[in-house]
Amino acid sequence: MATLAVSLVYRHGRLMAGKRAKLTSCLQQKLCRPCPFSTISTKMNRAAIERSMPLSAWESFGIWLDDPVVLPPRISALQYKEKIANIGCVSQIGKRRENEDRFSIAELSAGLVCFAVFDGHGGTDAAEVCSRYIGHYIQQNLQRETDLEKVLLNSFLQMDSDFIQNVYGLKEGALLTSGTTATVALLNETLLIVASVGDSPAILCHEGKAKQLTDDHTPRRRDEQKRIKDCGGFIDWNSAGDPYVNGRLAMTRSIGDVDLKPFGVTARPDVNTVELDHTKDCFLILTTDGVSGIIEAQEVCDIVKRCQDPSEAAAVVNEQALQYGTQDNVTTMVVPFGAWGKHSTSLAHTSFGRMMVASSRWS
């Protein structure tokens, strides 16, 4: 009986060894046939199959993924500079007699870029001065200060102070009512610092979603109303329900507006710092209220996501605002980041009501 058992085990072992040898021989024959699509040598294939032959039972368990695991890409300094070099900015007069919008793009130092948008009122003087000299003020403050938030704060206050002194020095009454909003962004490889006065917004598109980086300084805000009233000013509401400082200015912070500075209108900006993630942050948008007053932030982001490049995106955003019926100048600046084109939008989101008003079908 014992002899029979040993014989059966011996025969079974020879049978299994024969099957394995036959399987190995067949695989080797297949490997000898050249594959036109293979980039791996025959020896490497044979070695891999031989290693996989004695599979343990536990190796057949587990979950196997259909797609490979892809780690987030790293944005190199070179790729970052290539993105920043491709900036789109378009400014149009719209339905106004004069374009009082201004913008500025300047590389202040190695790796530090300045983007700015100004929406002038009461003439172009304040906006023109700011767009020409904002880089000069920032560079001066960079020599004395390393904190970029303080650099922007001091630059705003100095620009406003110098403008006021020049207005009084020229003794031109017309310049007393010239002013401008200001939205300025400093950008290096990892940080975005945004300072603003007025109502020209800055919008960051993060993973396809709009993130507002600025808050409009309008007389509707209670904290802004309080400062104006504490300084002896007042808020006047027109027949359309819009509030104005001393019946003249639709914002509570600006550069210029010399006649309203004693009544609480200040050039002190709100400053916001964002740490960029180039695998998730798509682009930055700076606009004037000719755009933001008629198109919501998320809709602006959706429009930009459908465009091929930032220059096209800036033009399309402006054209959309004009089509919706804006009466103001329109300026849009689009700054691409590492995730540009990653979160696309295939469907257009439009406002039927605004299209009716723009086409004057209800008049």
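Start with Glu149. In this predicted model, select helix α5, residues 148-170, and Glu149 is found in that helix. Colour by accessibility. Glu149 comes out at 32%, so the residue counts as partly exposed.

Now show what surrounds Glu149. Beyond neighbours within four places in sequence, Glu149 is in contact with Ile193, Val271 and Thr273. Display the side chains of Glu149 and Thr273: a polar contact of 2.5 Å joins them.

**Strand β3**

Next, select residues 112-121. This is strand β3, and 10 of its 10 residues are buried. Which way do the side chains point? Leu112, Cys114, Ala116, Phe118 and Gly120 point one way from β3. Val113, Phe115, Val117, Asp119 and His121 point the other way.

Bring in the partners of β3, one at a time:

- Strand β2, residues 101-109, pairs with β3 in the antiparallel sense over eight bridges. Ile105 stands opposite Phe115.
- Strand β5, residues 182-187, also pairs with β3 in the antiparallel sense, over five bridges. Here the bridge partner of Phe115 is Ala185.
- Strand β4, residues 179-180, pairs with β3 in the antiparallel sense over two bridges. Gly120 stands opposite Thr180.

Centre on Phe115, and you can pick out Ile105 in one direction of pairing and Ala185 in another. Then step to the hairpin of β2 and β3. Two residues lie between the strands, and Gly111 takes a positive phi near 85°.

**The nonpolar cores**

Where do the nonpolar side chains gather? The largest nonpolar core has 23 residues. Select those with the most contacts inside this core: Phe118, Ile138, Leu152, Phe156, Val184, Leu186 and Ile255. Then colour by element of secondary structure. β3, α4 (125-142), α5, β5 and β6 (191-197) each supply at least two residues of this core. In soluble globular proteins, nonpolar side chains tend to be buried together.

Zoom in on Ile255. Leaving out residues up to four places away in sequence, Ile255 touches a list that includes Ala126, Cys130, Phe156, Met159 and Val197.

A second, separate core has 22 residues, including Ile203, Cys205, Ile295 and Val304.

**Salt bridges**

Finish with the charged pairs. The structure holds 14 salt bridges. Select Arg96 and Asp328, whose side chains meet at 3.5 Å, N to O. Arg96 lies in the loop between β1 (88-92) and β2, and Asp328 in the loop between α9 (310-323) and β14 (330-336), so the pair ties together parts that are 232 residues apart in sequence. Buried or partly exposed: which is Arg96, and which is Asp328? Arg96 is partly exposed, at 41%. Asp328 counts as buried, at 13%.

Move to Glu224, which is buried with a relative accessible area of 1%. Glu224 forms a salt bridge with Arg227, the closest N and O atoms being 2.9 Å apart. Both lie in helix α6, residues 222-230, three residues apart, about one turn of the helix. Glu224 also meets Arg221 in a salt bridge, at 3.8 Å, N to O. Arg221 is partly exposed, at 22%. Now widen the selection: salt bridges that share partners join Arg221, Asp223, Glu224, Arg227, Arg253 and Asp270 into one network.

Key. Residues numbered from 1 in each chain as written. Predicted model: local features only at pLDDT ≥ 70, side-chain atom pairs only at ≥ 80, totals over all residues. Heavy atoms only, no water. Buried < 20%, exposed > 50% of the residue type's maximum accessible area, 1.4 Å probe, protein only. Helix = DSSP H or I, 4+ residues; strand = E, 2+ residues; numbered from the N terminus. Pairing = 2+ DSSP bridges. Contact = heavy atoms within 4.5 Å. Polar contact = N/O pair within 3.5 Å; in protein donor to acceptor, adjacent residues only side chain to side chain. Core = buried A, V, L, I, M, F, W, Y, C linked by side-chain atoms within 4.5 Å. Salt bridge = Lys/Arg side-chain N within 4 Å of Asp/Glu carboxyl O.
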